[in-house]
Amino acid sequence: MKILFTGLLMMAVILNAGAQDRKRARDLGIRIGVLQNGMHNAITDVAGLRVGHTTLVQGEEVRTGVTAIVPHGGNLFQRKVPAAVYVGNGFGKLAGSTQVQELGNLESPIILTNTLGVGTAMNAVVGYTLQLPGNETVQSVNALVGETNDGYLNDIRGRHVQEEHVLQAIKEAADGPVAEGNVGAGTGTVCFGYKGGIGTASRKLPASLGGYTVGVLVQSNFGGVLQINGAPVGEELGRFSFSKQVLESADGSCMIVVATDAPVDARNLERIAKRAMMGLAKTGGIASNGSGDYVIAFSTNEGLRIPYQSDEKTQTFTLLRNDEMSPLFMATIEATEEAIINSLFKAETMKGRQGHTIEALPVQPVIQILKKHNAIKR
């Protein structure tokens, strides 16, 4: 098992390197929205947040993985962060969501994987949390695990994601640039009939609007009619509304994780999460009947940390007023839209289960369509 696991990790490194050969949307001159992006144009532009991937590619059948989002470097169970969940379409298995909705906080790393790997991932997160120093008496852990179904390319019934893969993703989580495309939980996903995957983007508000950062990471695995910067890319590529291709690929799911350093509580985080679905809609996603579209939003602001235990009866927070939320809404919409587009541009053609092959988004034809519609910087 150890030899196999090491081999899989080596394959992950190779795949990550290959994915970097394809350029991100912004590197191709595509400018989505009007706000400035952060240094890495990634969810990790929110200070202290880390992302890790474990990519599983084995033989001709296994195309799956795990992505971990770790909100801060401390003991997350002991120092929880405010959080919210918004359900765009509930055909999915977002484990742990009800406690987040009820209490308004997050106490574990967020794990993304495939549909049948949710139970295994929950066990791994529970074990990870219980062994942390300071958690010796803990008897309840709410692990938050999301999924999309990668069964077209991956032998999902084989349930190849193991606890060690989840723990490896958490252990290797890092700040800085985030690998995108065919990595982690995005290894076997399909989006708009093309190869989907992991995508990320960020927005940095100007000082006059608070200077806050919003970062988004997506696991794109859904359908619709692709639009990029408003240009009808899917239609012009022959994948248009109610075409055979769209009907065959509309179902799937999209997991969206939104992070910010702004001082906002669970109530306004839910409002932020709702706006992420607007970003998905701008790409042409239709949240079809069989699509599980979920948004998890949280704040890393240190002034809002929630202690597991306290002798105090009350807790005082400094929060943004409702009237100050609109810039964060806009940042969320823009970053979500760009994260989804990045997941497409960075993903590569993949062959998997039963010989199924999903082609990567054809970059040059797309660029020509964008130029035709004045949707790209020339």
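How many salt bridges does a search of the whole structure find?

**Entry 1. Ground rules**

I worked from a predicted model, in which local features need pLDDT of at least 70, side-chain atom pairs count only at pLDDT 80 or more, and totals for chains, interfaces and linings use all residues. Residues are numbered from 1 along each chain as its sequence is written, and side-chain values use heavy atoms, with hydrogens and water left out.

**Entry 2. Salt bridges**

I searched the whole structure and found 8 salt bridges. The term denotes a side-chain nitrogen of Lys or Arg within 4 Å of a carboxyl oxygen of Asp or Glu.

I looked up Arg24 and found that its salt-bridge partner is Glu180, with 2.6 Å between the closest N and O atoms. Arg24 sits in the loop between α1 (2-19) and β1 (50-58), and Glu180 in the loop between α4 (163-171) and β7 (190-191); this pair links distant parts of the chain, 156 residues apart. I took helices (H or I, at least four residues) and strands (E, at least two) as DSSP runs, numbered from the N terminus. Both Arg24 and Glu180 are buried. For accessibility I used under 20% relative accessible area for buried, over 50% for exposed, and partly exposed in between (1.4 Å probe, protein chains only).

I then turned to Arg26, which forms a salt bridge with Glu338 at 2.8 Å between the closest N and O atoms. Arg26 lies in the loop between α1 and β1, whereas Glu338 belongs to helix α8 (residues 326-346), 312 residues apart. Arg26 counts as buried because its relative accessibility is 17%. Glu338 is also buried, its relative accessible area being 0%.

My next pair was Glu236 and Lys372, whose side chains meet in a salt bridge at 3.3 Å, N to O. Glu236 is in helix α5 (residues 233-236) and Lys372 in helix α9 (residues 363-372), so this pair ties together parts 136 residues apart in sequence. Are these two residues buried or exposed? Glu236 is partly exposed, at 34% relative accessibility, and Lys372 is exposed, with a relative accessible area of 56%.

**Entry 3. The sheet**

I traced an open sheet of 4 strands in the order β1-β2-β5-β6, with mixed pairing. Two strands pair if DSSP finds at least two bridges between them. At the edges stand β1 and β6 (144-148), each with a single partner strand, so one side of each has no neighbour in the sheet. Neighbouring strands are turned by 15° against each other on average, direction ignored.

Within this sheet I examined strand β2 (residues 62-70) and strand β5 (residues 110-114), which run antiparallel and are joined by 3 bridges. The bridge partner of Ala68 in β5 is Ile111.

**Entry 4. Helices**

I found helix α3 (residues 118-130) lying across β5 and β6, at about 150° to β5. Helix α4 lies across β1, β2 and β5, at about 145° to β1. Axes are lines fitted to C-alpha atoms, for helices over the stretch in contact, with angles from 0 to 180 degrees between N-to-C directions; contact means heavy atoms within 4.5 Å.

Lastly, I checked helix α7 (residues 266-282) against α8: their axes come within 7 Å and cross at roughly 40°. The residues that meet include Arg271, Ile272 and Leu280 in α7, and Leu328, Phe329 and Ile340 in α8.
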